[in-house]
Amino acid sequence: MAERLIIFDTTLRDGVQSPGISLDVAEKLEIAEQLARLGVDYIEAGFPVASQGDFEAVEAIAQSVQGPVIAGLSRTHIADVDRCWDALKQAERGRIHVFISTSPSHMEHMLKMTPEQVIAETRQGVARAREHTDDVEFSPQDATRTPLDFMLEVLQAAVEAGATTLNIPDTVGYGIPWDFGALIQYIRREVKGDYITSTHCHNDLGLATANSLAGVQAGARQVEVCVNGLGERAGNAALEEVVMAVRIRGDQFPGIEVGVRTEELARTSRLVSRLTGYPVQYNKAVVGRNAFAHESGIHQHGVLAERSTYEIIDAADVGQTGSQIVLGKHSGRHAFKDTLEKMGLNVTGDALNAAFTRFKELADRKVQLTEADLEAIVAEEIGGARAVEFVFESLEVRGGTVAVPQAKVVVVRNGEKAEAIAEGDGMIDAACKAIKAATGVDGRLTDFNVSSVTGGVDALGDVIVQLEVEGVKVTGRGVSTDVVEASARAYLNAVNKVVQVRARNEARGRMTAITP
Ligand code: KIV
Ligand code: ZN
């Protein structure tokens, strides 16, 4: 019988620890629902004790997402473990993931604990988690820089206290495939008990996928991964790469099956990219837009004659089917909703109304919209449907190579119009300055990315901005047939997020977030 390789997705926990990502509960839920559609086995939904926002997101995902087991991260403190379970308890099935650092550097400089204390903490945290659920994972943080004998002691203590999965984090991406594989093999041989071994590889040396696969070959039966390889610093092992490597090279992983519906990979990647504001590099394996593009004549000729000459993956198997035209300006609300449902996008209520209004506006300007366009509109409107401080009303710009670029922006706040006119270095700069003046929110634009949703001159422009205001970093996005308008919408979207984050922080008396 085939053995399952458990796909443990940590996009919503480790993935969102990438700088500048700030997702709210609705956005996290949207990603979690797509991960369930993709068929991952576990969703690590957050670190409930880190902040009230994290708690609420984990709780909302546990309450409504069906299929995958929902996991939450926790330190070993009893109060943390209890809080984690509080957020998870309504899930169909819930896992507590307990971690503590075990490397000399972390124990000395961060924990300020002796090895004996770390072992005692491990026992305490895992045992407490087992009082809540029989699915408990334990991670010795910075495992690859932890002396082996000590790590074995800690892992054995965790198993004795009730851990059912032992996750081996290469926290700083220090591992080399054969060395990491040997580590997994050694642990499996030396640590006694009934548990599943897991890998958690970071990509500081660009080896996260290779190390994860080496771990699987050595006996690990869970891999911790993030969509698009998101995560701290250089990121985590990319879900799409690990899954496709095991699928395509089944000869190297005999008897191992992966439950993921790979046709959902491209859509999942696009959704995560839009909501996090992290673009996917064009030549990214599996999900990059060039992953199936052939430039050289010889390659094109070969692929046209027989796809397998230069492609090891069928684009359709990972959902890279290109853009089909789906709707136009004559399409009504019913057709719109129906198409979204067929695409697996479950949008209802205010979000549906907002998305439909936006669709109509865009369909009036662009003849036909594709699936990718609809995804972009829906992603923009998931946030737009909630009460926002400033609603975009209109934009007028003047510019070119002679006139000084100028923009007039009108926004609506509590039913009142606020408008401002500003000049800038270009029309986009002028539009952003006008928004600053109209809203009174003065931020620093730290990143700006514009791409087209599909090809062609009438393609929708998709703009993602990162804005920093008094230490709060947020991303905003906007789509339009006009890139200046898309930029203004993205900027205003970010301004609205800043206002929301400020309001939340004020309500919570400025809690400091904890990150692992
Ligand atoms: O990289 C790491 O060590 C982690 C742990 C919390 C599992 O993310
Ligand atoms: Zn990590």
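Helix 6 (residues 148–161) packs against helix 7 (residues 177–190) at an angle of about 50 degrees, and their axes lie 11 Å apart. Helices are DSSP runs of H or I with at least four residues, numbered from the N terminus; axes are lines fitted to C-alpha atoms over the stretch in contact, and angles run from 0 to 180 degrees between N-to-C directions. The angle makes helix 6 oblique to helix 7, where angles under 35 degrees count as roughly parallel, over 145 as roughly antiparallel, 65 to 115 as roughly perpendicular and the rest as oblique. The crossing of helix 6 past helix 7 is right-handed, a term used if the near helix is turned clockwise from the far one by less than a right angle. Leu148, Met151, Leu152, Leu155 and Gln156 of helix 6 form the contact with Leu183, Tyr186, Ile187 and Glu190 of helix 7; contact means heavy atoms within 4.5 Å. By class, this contact of helix 6 with helix 7 has 7 nonpolar, 1 polar and 1 charged residues. Ala, Val, Leu, Ile, Met, Phe, Trp, Tyr, Cys and Pro count as nonpolar, Asp, Glu, Lys and Arg as charged, and the others, Gly among them, as polar.

The model is predicted, with local features requiring pLDDT of at least 70 and side-chain atom pairs pLDDT 80 or more, while totals for chains, interfaces and linings use all residues. Residues are numbered from 1 along each chain as its sequence is written, chains are lettered from A and ligands numbered from 1 in the order in which they are written, and side-chain values use heavy atoms, without hydrogens and water.

Helix 6 also packs with helix 5 (residues 115–132), the two axes coming within 8 Å and crossing at roughly 25 degrees. Helix 5 is therefore roughly parallel to helix 6. Helix 5, too, passes helix 6 in a right-handed crossing. Among the contributing residues are Val118, Ile119 and Arg123 of helix 5 and Phe150, Glu153 and Val154 of helix 6. The contact of helix 5 with helix 6 has 10 nonpolar, 1 polar and 4 charged residues.

Ligand 1 is surrounded by residues including His97, Phe99, Ser139 and Thr171, each with a heavy atom within 4 Å of the ligand. For His200, the corresponding separation from an oxygen atom of ligand 1 is 3.1 Å.

Methods
Helix = DSSP H or I, 4+ residues; strand = E, 2+ residues; numbered from the N terminus. Polar contact = N/O pair within 3.5 Å; in protein donor to acceptor, adjacent residues only side chain to side chain.
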